[in-house]
Amino acid sequence: MRVLGIETTCDETAAAVVARRPDGSGVILADEVRSQIEEHVAFGGVVPEIAARAHVEALDVLIARALERGGTAMSEIDGVAVSAGPGLIGGVLVGLTAAKALALALDRPLIAVNHLEAHALTARLTDGLPFPYLLLLASGGHTQLVAVAGVGDYRRIGSTIDDAIGEAFDKVAKMLGLGYPGGPRVEREAEAGDAERFDLPRPLIGRAEPDFSLSGLKTAVRRQADALAPLTGRDVADLCASFQAAVVDVVVDRVRAGLRAFQQQLGAPQALVIAGGVAANMAVRRALTRLSQETGVRLVAPPPRLCTDNGAMVAWAGIERLQL
Ligand code: KG4
Ligand code: ZN
């Protein structure tokens, strides 16, 4: 089975061809991603109208390239999967319109995929992971702990009560003048910084409910930055390191609470899986590796390019749905 996957919900235009082998494992035949960072950088964030127009310009080229590099003729496609939301409506419309047109012309099924489900199932494409598992989905728009018990069987056991983790990285980057996208820039600055210089809060740590809160931490960074202004390079690096260390502590404690809640509801998980852009952060990955060693729960962390938005995850979610 071969499925074309299309992703246009935010600022990445992506198309991929993924196949399912007879033994059930997946293989990525082609995975084309075009990031729109350059179009949005002057505005300090994603501008929905610009994003939608950039998707229009790039999408047909990316689809053609994915098919060519994937050695797949249009007629060999068994289905067209597309992220149908949540996302910026202009971009979602572009992807859906292209996918519907292809499905209609090829007389193949259209699979409307929930973008979060695509992130949630990626570990089954990369690692053939069986159900059930605990997913930490941490992106720019979402921070959730989800018990993934089957395709379509998702139970949210915790989530942020204010900002998403990626959003907190983006806002901290903006207030420190690091620009967009914030996560990778804060991570780079943090490498040279002193994580102990600023004593920042770790919201909700120790609570039994596996929820997150990031806005107080973000405000604490702002207060420190305002008090020090104008900031030196040293100040920026130390603020980034202290902020990232606080995020890491919060993530580890909240995931530990999530594992406990999972155990109570579903028994032992097959693994802890991380997905979403924040899963590309090396400090987060290292800390969760330590938690995995401590708890004996296997950590599955897909390669960073499959943690951020891509077409392969959408194609795979389409395959899982078609298979049912
Ligand atoms: O999943 P994603 O590509 O897009 C959606 O939001 O759906 O995630 C993007 C988010 C942004 O907030 C970005 O700053 C964050 O993930 N991010 C990171 C890193 N790379 C991306 N956050 C922390 N460290 C990183 N290395
Ligand atoms: Zn995403």
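I started with the largest pocket and found 42 lining residues, with Cys10, Asp11, Gly140, Asp170 and Pro181 nearest its centre. The model is predicted: I took local features at pLDDT of at least 70 and side-chain atom pairs at pLDDT 80 or more, while totals for chains, interfaces and linings use all residues. Residues are numbered from 1 along each chain as its sequence is written, chains are lettered from A and ligands numbered from 1 in the order written, and side-chain values use heavy atoms, without hydrogens and water.

**Entry: the largest pocket**

I noted the pocket rule: on a 1 Å grid over the protein atoms alone, a pocket is an open set of points with protein on both sides within 12 Å along at least five of seven lines, and a lining residue has an atom within 4 Å of a point. Strand S3 (26-35), H4, H5, H6 and helix H10 (304-307) each give two or more residues to this lining. Helices (H or I, at least four residues) and strands (E, at least two) are DSSP runs numbered from the N terminus. H5 gives the largest share, five residues. The pocket holds about 1,100 Å³ of space. A volume here is the space filled by probe spheres set on the grid points, which are joined across faces, edges and corners. I sorted the lining by class and got 15 nonpolar, 19 polar and eight charged residues. Nonpolar means Ala, Val, Leu, Ile, Met, Phe, Trp, Tyr, Cys and Pro; charged means Asp, Glu, Lys and Arg; the others, Gly among them, are polar.

**Entry: ligand 1**

What takes up the space of the largest pocket? Ligand 1 does. A molecule sits in a pocket if more than half of its atoms lie within 2 Å of the grid points. I found 18 residues around ligand 1, and Gly140, Asp170, Gly183, Glu187 and Asn281 come nearest. To be near, a residue needs a heavy atom within 4 Å. Helix H4 (115-127), helix H5 (165-175) and helix H6 (182-191) each supply at least two residues of this shell. By class, the shell has four nonpolar, eleven polar and three charged residues.

Next I looked up polar contacts, pairs of N or O atoms within 3.5 Å. An oxygen atom of ligand 1 lies 3.0 Å from a polar backbone atom of Gly183. For a polar backbone atom of Gly277, the distance to a ligand oxygen is 3.1 Å. At Asp309, a side-chain N or O atom is 3.3 Å from an oxygen of ligand 1. The protein covers 88% of the 550 Å² of accessible area that ligand 1 has on its own. Those areas come from the Shrake-Rupley method with a 1.4 Å probe.

**Entry: the cavity**

I searched the whole structure and found one cavity of 30 Å³ or more. In a cavity, a 1.4 Å probe fits but cannot get out. Leu136, Ala138, Ile165, Val251, Ile274, Ala275, Val278, Ala279 and Val284 line it. The lining has nine nonpolar, no polar and no charged residues.

Most residues other than glycine have a negative phi, and most peptide bonds are trans. I found a cis bond from Gly85 to Pro86, with omega near 0°. Pro86 is in the loop between strand S4 (79-83) and helix H3 (89-106). Ala229 and Pro230 are also joined by a cis peptide bond. Asp107 has a positive phi, near 55°.

Notes. Polar contact = N/O pair within 3.5 Å; in protein donor to acceptor, adjacent residues only side chain to side chain.
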